[in-house]
Amino acid sequence: MPTQRLGLIMHGVTGRMGTNQHLIRSIVAIRNQGGVKLSNDVQVVPDPILIGRNAEKIEALARAHNIARWGTNLDAALANKDDTVFFDSGTTQMRPALLAKAIRAGKHVYCEKPIATNLNEALEVCRIAQRSGLKHGVVHDKLFLPGLLKLDLLRRAGFFGRLLSVRVEFGYWVFEGDLQPIQRPSWNYRAEDGGGVILDMLCHWRYVLDNLFGEVKSVSCLGAIHIPQRWDEAGKPYKATAEDAAYSTFELKGHNGEPVVAQVNSSWTTRVRRDDLVTFHVDGTHGSAVAGLHECRAQARVNTPRPVWNPDEKQTMRFFDQWQEVPDTRTYDNGFKVQWEQFIRHVAENEPYRYTLPEGAKGVQLVEAALQSWKERRWIDLAPIVL
């Protein structure tokens with residue numbers, strides 16, 4: 001089968017997400033399977049160069065995964081006309097400038113989210129990308145989770161009837177660092193370094209809500225710094241300046257124009273007693289469903305039980321047993337890899353692609369609105385994104 005090389009500059013992949021999801025489980029996996037098949041049966045094979053500040057880390061990562069090219073000079077990488085795609089999963093604060101630089105160098109761009117820490121910078125890089133005529137995309141990985149794909153299948157099949165509400169519970173306990181080692185980077189809890197659960201998670205909730213349940217029209221959000229002191233990687237105490245929890249309510253315009261209410265709790269200060277680290281509970285007139293990362297369970301109108309409120313007697317119903325599992329009817333590949341394959345086809349043969357930089361800007365818009373809502377203690381309406 002004929003092959004076609006795709007030169008790819010991968011920046012900022014020494015972090016957990018960049019290494020595991022984007023390099024190992026996406027690009028390396030795509031190379032190992034022989035590439036991405038196009039409509040003409042040509043296999044597009046990514047040829048990455050890893051770029052970062054720490055030469056030792058970059059070289060070790062490249063050698064560990066049989067990547068021939070690596071370096072620390074981003075300008076030199078961008079000057080190579082044989083590499084046509086730039087990917088970034090470094091710090092959010094640096095991302096808008098890096099994307100703009102890559103676009104001006106004539107590269108298609110693909111990146112992690114958020115695409116910026118504020119909406120003005122996000123919109124500016126969108127404008128630069130659109131004027132360039134180059135391809136651009138943003139990671140929307142949650143949409144490719146098996147649990148959410150099953151929810152979307154139920155929605156498209158009309159299972160829910162008229163959608164009423166969505167409840168999302170996300171989070172787990174992140175250790176403070178004094179008694180037990182931290183399992184998230186300390187910068188996550190410093191606002192000056194781009195930390196905070198609102199910036200980290202509401203970009204995800206925007207594209208999930210928009211695509212599955214309805215366009216986000218307004219938000220009311222309360223943030224909290226529940227743990228005011230944490231300990232960093234060196235075991236030194238520091239003051240937490242970024243929120244570790246956010247309690248949000250969203251008004252949605254459902255796919256049929258009906259209003260939908262979404263309640264989303266995002267927390268690094270909660271202990272898990274649910275099916276997964278994140279659960280999506282969807283209620284409709286004809287049925288309800290609850291999904292985690294992989295599994296989904298549903299309860300239809302016709303087999304909804306009739307509980308009776310009686311605080312004087314112990315509850316005998318086993319509510320968790322009254323739901324029917326939505327089966328795996330297909331093989332689910334890694335979501336990051338699936339989206340990489342979509343973007344590669346978009347670059348190689350102009351296959352339509354939905355998750356562009358303006359879609360990423362919507363996530364940043366929601367972050368700003370949520371922060372404003374928290375500060376001013378009121379509902380904030382979202383205006384259409386205008387470039």
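How many of the 10 residues of α4 are buried? In this predicted model, the count is seven, and α4 is accordingly described as mostly covered.

## Helix α4 and its surroundings

The buried residues of α4 are Arg95, Pro96, Leu98, Leu99, Ala100, Ala102 and Ile103. The elements that cover these buried residues include the strands β1 (3–11), β5 (83–88) and β6 (108–111), together with the helices α3 (74–79), α5 and α9. After the end of α4 comes Gly106, a residue with a positive phi near 85 degrees.

## Packing of α4 against α5

Two packed helices are described by the angle between their axes and by the distance between those axes. For helix α4, which spans residues 95–104, and helix α5, which spans residues 119–132, the angle is about 10 degrees and the axes lie 10 Å apart. Because angles under 35 degrees count as roughly parallel, α4 and α5 are roughly parallel to each other.

On the α4 side, the residues that meet α5 are Pro96, Leu99, Ala100, Ile103 and Arg104, while α5 contributes Glu121, Val125, Ile128, Ala129 and Ser132. By class, this contact is made up of seven nonpolar residues, one polar residue and two charged residues. An α-helix has 3.6 residues a turn, so residues three or four places apart point the same way.

A search of the whole structure for cavities of 30 Å³ or more finds one, and the volume of the largest cavity is about 50 Å³. Its lining consists of Lys113, His140, Cys203, Arg206, Tyr207, Glu359, Gly360 and Gly363. The helices α7 (197–212) and α9 (357–376) each supply at least two of the lining residues. Divided by class, the lining of the largest cavity has two nonpolar, three polar and three charged residues.

His204 also has its place in helix α7. Since buried means under 20% relative accessible area, His204, at 7% relative accessibility, counts as buried. When neighbours within four places in sequence are left aside, His204 is in contact with Lys113, Asp141 and Lys142; of these contacts, Lys113 is also one of the residues that line the largest cavity.

## Glu368 in helix α9

Helix α9, which is among the elements covering the buried residues of α4, also contains Glu368. With a relative accessible area of 33%, Glu368 is partly exposed, because that class lies between the 20% limit for buried residues and the 50% limit for exposed ones. Not counting residues up to four places away in sequence, Glu368 touches Asn118 and Leu119. Glu368 and Gly15 are 353 residues apart along the chain, and their C-alpha atoms are separated by 26 Å.

## The second largest pocket

The second largest pocket has a volume of about 570 Å³. It is lined by 25 residues, of which Asp275, Thr279, His281, Val290 and Phe320 are the closest to its centre. Six strands each supply at least two residues of the lining, namely β8 (163–171), β12 (245–254), β13 (259–267), β14 (278–284), β15 (287–291) and β16 (296–300). In terms of residue class, the lining of this pocket comprises nine nonpolar, eight polar and eight charged residues.

Definitions and conventions: Residues are numbered from 1 along each chain as its sequence is written. This is a predicted model: local features need pLDDT of at least 70, side-chain atom pairs count only at pLDDT 80 or more; totals for chains, interfaces and linings use all residues. Side-chain values use heavy atoms; hydrogens and water are left out. On a 1 Å grid over the protein atoms alone, a cavity is a set of points where a 1.4 Å probe fits but cannot get out, and a pocket is an open set with protein on both sides within 12 Å along at least five of seven lines; lining residues have an atom within 4 Å of a point. Grid points are joined across faces, edges and corners, and a volume is the space filled by probe spheres set on the points. Helices (H or I, at least four residues) and strands (E, at least two) are DSSP runs, numbered from the N terminus. Ala, Val, Leu, Ile, Met, Phe, Trp, Tyr, Cys and Pro count as nonpolar, Asp, Glu, Lys and Arg as charged, and the others, Gly among them, as polar. Buried means under 20% relative accessible area, exposed over 50%, partly exposed in between (1.4 Å probe, protein chains only). Contact means heavy atoms within 4.5 Å. Axes are lines fitted to C-alpha atoms, for helices over the stretch in contact, and angles run from 0 to 180 degrees between N-to-C directions. Angles under 35 degrees count as roughly parallel, over 145 as roughly antiparallel, 65 to 115 as roughly perpendicular and the rest as oblique.
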